[in-house]
Each structure stands twice: as structure tokens, then as C-alpha cells.
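Thanks for coming. I will go through one structure this morning, starting with the sheet and its helices and ending with the core.

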Amino acid sequence: MAETILSGDTAGVVQNLSNFLEEHGPAIKSRIKTPLACFDVDETLLEWGADDSSRRREEVATLFNLAVKEGYKIYIITARDKSQSGLAYLKTQLASLGFDTHKIEKIYMMPSTESDVGQFKSDARSRIIQQTGGKFVIMVGDQMTDVFRAPGSLNANRDFAHVFAAPDDGVVFGVKVSEMQDV
Ligand SMILES: [Mg+2]
């Protein structure tokens, strides 16, 4: 089972992880030919308000920008329903929140034929790894299914962020940010 290497409030965990990734940037790039980063969307890159408005989740935006700066190839894997209009809407939404969508290599949305989120996300990661020969330095989401293929019985306090070492094949750090409070 993957080891939890960092837990705490999301801002602090992101700060610690960012420092580590920056400090060890050269070592990471010498060991991993194609470093990758992946982000979930809902309650991760953005959070929804009660009035159906969305706003940028700043701690996660910090990680997104760090991934850009460190030259990681960036992917989005979301359980939002796969459709052309949904994809267009998502790109517009992310751009309107200030994310540099030109830095996103590809967006994976969940086809209606899939029902297991953890499996869908893990399979998408495997395809990306196969196609790029890379490895995910960070895989960021707000749910256990964002970082684990099958979360199992591992318990994580929902109010905190957790960094897991090697939670899935080809993932160095699984970053589970705190789950948003119901509004
Ligand atoms: Mg989410």
C-alpha cells in the first residue's frame, strides 16, 4: 500500500511539495526523461460555489504553475462526461479562470461506457505513460479515486491534504487535496 509522506492543511502541503519539487528539479529531470503532471478539475483546479459559479482553487493553481515552470507535460483527467460541447466548455472555463490552457497537452473526459472512476483515471494515466514514455511526478485531485486505481481501505482525513508515494503505476506523488465543504 502506498505510503503517506505528507499530511496537513492544503496550503502548507502544497508549499512543502512545491519547495521539494523545485529544489530537486534537476534530479527529477535527470531521472525521468519525460516528467508529467496531471490534474483533476472539479473541486481541484476549480471549486464550485452555491450559485453554480466557479472559482480557481489557488493552492492547486500554484501546483499547476509550478508544473508549467518545471517543464512537465500537463494532462487533465476528469470524470466529467465526455462530449465535444463538454470539452469546449471545460477549456473555456479553465481559460476564464486564468489557467494557461495552451500548456495542457490533452484532456481526458469519462466516456459513458465507463462507470469506475478510479479505473478510468488509472487507465488514462497508463495510456499517457505508454504514449510519452514518461512518468507522473504529480497526480493531483480531491478524491482518492484521483490518485489510486482502487483506493481500498486507506483512510485519509477529508479536511486535509495528503501526499502519497507511488499510489499507482507510473505515479511518483499522488496529491490528494482537502475535499471542499458542502455549501
Ligand atoms: Mg474532483
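Which strands does helix H5 lie across? Helix H5, residues 117-132, lies across strand E2 (35-39), strand E5 (73-81), E6, strand E7 (135-141) and strand E9 (171-176). Its direction is at about 150° to E5. Axes here are lines fitted to C-alpha atoms, for helices over the stretch in contact, and angles run from 0 to 180 degrees between N-to-C directions. Helices (H or I, at least four residues) and strands (E, at least two) are DSSP runs, numbered from the N terminus.

Two remarks on the source. Residues are numbered from 1 along each chain as its sequence is written. This is a predicted model, in which local features need pLDDT of at least 70 and side-chain atom pairs count only at pLDDT 80 or more, while totals for chains, interfaces and linings use all residues.

Now the sheet. It is open, with 7 strands in the order E1-E8-E9-E7-E2-E5-E6 and mixed pairing; two strands pair if DSSP finds at least two bridges between them. At the edges are strand E1 (3-8) and strand E6 (104-110), each of which pairs on one side only. From one strand to the next, the twist averages 20°. E1 pairs with strand E8, residues 161-165, in the antiparallel sense over 5 bridges. Leu6 is opposite Val163 in E8.

E8 also holds Phe164. Is Phe164 buried or exposed? Phe164 counts as buried because it has 25 C-beta neighbours inside 10 Å (the cut-offs are 20 or more other C-beta atoms within 10 Å for buried, 12 or fewer for exposed, and partly exposed in between, with C-beta atoms placed from the backbone). Leaving aside neighbours within four places in sequence, Phe164 is in contact with Ala2, Glu3, Thr4, Val147 and Gly174, where contact means C-beta atoms, placed from the backbone, within 7 Å.

Next, a helix pair. Helix H1 (residues 10-23) packs against helix H3 (residues 58-69) at an angle of about 10°, and their axes are 9 Å apart. H1 and H3 are therefore roughly parallel, a label for angles under 35 degrees. H1 contributes Thr10, Ala11, Val14, Ser18 and Leu21 to the contact, and H3 contributes Glu59, Thr62, Leu63 and Leu66.

Last, the core. The largest nonpolar core has 44 residues, and among those touching the most other members are Phe136, Ile138 and Val175. Such a core is a set of buried Ala, Val, Leu, Ile, Met, Phe, Trp, Tyr and Cys residues joined through C-beta atoms within 7 Å.

Definitions and conventions
Contact = placed C-beta atoms within 7 Å. Parallel < 35°, antiparallel > 145°, perpendicular 65-115°, else oblique.
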